[in-house]
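Open the model in your viewer and keep the selection tool at hand.

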Amino acid sequence: MIKSPSSSFETSAKLLGEAIGRNNIALAARVLQPLNVAETIEQLERLGTINRALAYRTLPKERALAVFERLDVLLQADLLSGLQDAQVAEVFAALSPDDRVALLDELPASVANLLILGLSDKDRALTAIVLGYPQRSVGRFMSPQFLTAHPGFTAGQTLERVRAQSEEAESIYTIPVTDDGRHLVGVVSLRDVLCAAESDAVADLMKDPLFAPATMDVEEAARYCADAKVLALPIVDAETRLVGILTVDDALRILEDAESEDAARSGGSEPLRRPYLATPVRSIVRARVVWLLVLAVGATLTVQVMGAFEATLAEQVVLSLFIPLLIGTGGNTGNQAATTITRALALGDVRPADAVKVVAREVRVGAWLGALLGGLGFAVASLIFTVPLGLVIGLTLLGVCTMAAGVGGLMPLLGKALKVDPAVFSNPFISTFVDALGLIIYFMIASSILGL
């Protein structure tokens, strides 16, 4: 009987846990031996820091290097603390320069300096190129290992160059074309070179290049690379000299990390930056507690609004029954708008300059939603209670939905304009702000219609 992948995974996880628990290194090695790189990473991510290092040491050298290269950066940093000095130097030297720099950013300065000193002169020079760029620039994530062609080369000469340098180059499928001064003048695909006659000139095969400056924000450059559907995006300096390439797999990983970060912050938490089971409990608490404290302080605004209208509630106690409905509807409407606009910003569909258009559009959407929900609320409240109360609920839903959609659409744009993560400006803060403003709208409408 053939086992399902999930059944096989659970069996391996159980056996590996038992082997590590009994300190049976030989059994741990046998459990990991038939797994591929992706499956091995899945198993390691479920272990604690010490057990992960023990399991990693059982891997054959080549697979160990492949596994280490694909681990999350923070897991790499954790793993280094459990390895012997010689093994640390070996896996560090085997990384590509951009991956090496990402790991250095997560290590203590003293450890990072020792690792850099242990590199060969060539590897140290390549790493220094990437380290020289600002933290969130694409230069910090590019690979300085690339091969180039010259416009005067023939297809045959270019293929010879590919064969000679393929081991060291990060990617060979998109070949930048540079002049004698290393200025980017075009790109040519390996497919076109292979299909051309050996005597055909690269100048006749190359196309106008898509490229990004090394100081460009890494997320914008990654989005540009993914949207352009190129296998490698040339990265240039201020004088359009080629300094590196951003490969599509790195671009997709950057976008995945950015989306995970946005999702966490939209939910009122800091991103874990590790797989869930590999994250210590104290780190999860630390990621969540700050935002909970901020939101708890913000919620006092809602309490103050309730206190200001205490007399109104005392005269019409029935009004308190609808408060959860109204603030919940307003918060959800604002969160929907904020999530939509945050995503549109990430995709480049809207910009801060479009704020007026976006708010006007979201206000119209909110008014439609408010009219639909308000009509339903009016009918239900009128049947169960009274028509005046139904009118209060209906008009409040109209006003709250319109206001919440407008605020939800504006906040991410404001965050982007202030160079703050739009996700930080969205759901948590919107919920608190909309709750308080929604209650003010509710009590003002109730006071006017019910004569309170």
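UniProt positions are given in the numbering used here, with shortened feature names, and the annotations may be inferred rather than shown by experiment. Residues are numbered from 1 along each chain as its sequence is written, and side-chain values use heavy atoms, with hydrogens and water left out. The model is predicted: local features need pLDDT of at least 70, side-chain atom pairs count only at pLDDT 80 or more, and totals for chains, interfaces and linings use all residues.

Select 289-309, 365-385, 392-414 and 429-450, which an unreviewed UniProt entry lists under "transmembrane region". Residues 392-414 are 100% helix and 0% strand, with end C-alpha atoms 32 Å apart. Residues 429-450 are also 100% helix and 0% strand, and their end C-alpha atoms lie 31 Å apart. Helices (H or I, at least four residues) and strands (E, at least two) are DSSP runs, numbered from the N terminus.

Next, select 174-178 (strand E1) and 184-189 (strand E2), an antiparallel pair joined by five bridges; pairing requires at least two DSSP bridges between two strands. Thr178 has Leu184 in E2 as its bridge partner. Five residues separate the strands of this hairpin, and Arg182 in the turn has a positive phi of about 65°.

Finally, select Asp237, in the loop between strand E4 (232-236) and strand E5 (242-247). Is Asp237 buried or exposed? Asp237 counts as buried because its relative accessibility is 18%, and buried means under 20% relative accessible area with a 1.4 Å probe, protein chains only. Show distances from its side chain: the backbone nitrogen of Glu239 is reached at 2.9 Å, and that of Arg241 at 2.8 Å.

Key
Buried means under 20% relative accessible area, exposed over 50%, partly exposed in between (1.4 Å probe, protein chains only). A polar contact is a pair of N or O atoms within 3.5 Å; within protein, one must be able to donate a hydrogen and the other to accept it, and residues adjacent in sequence count only if both atoms are side-chain atoms.
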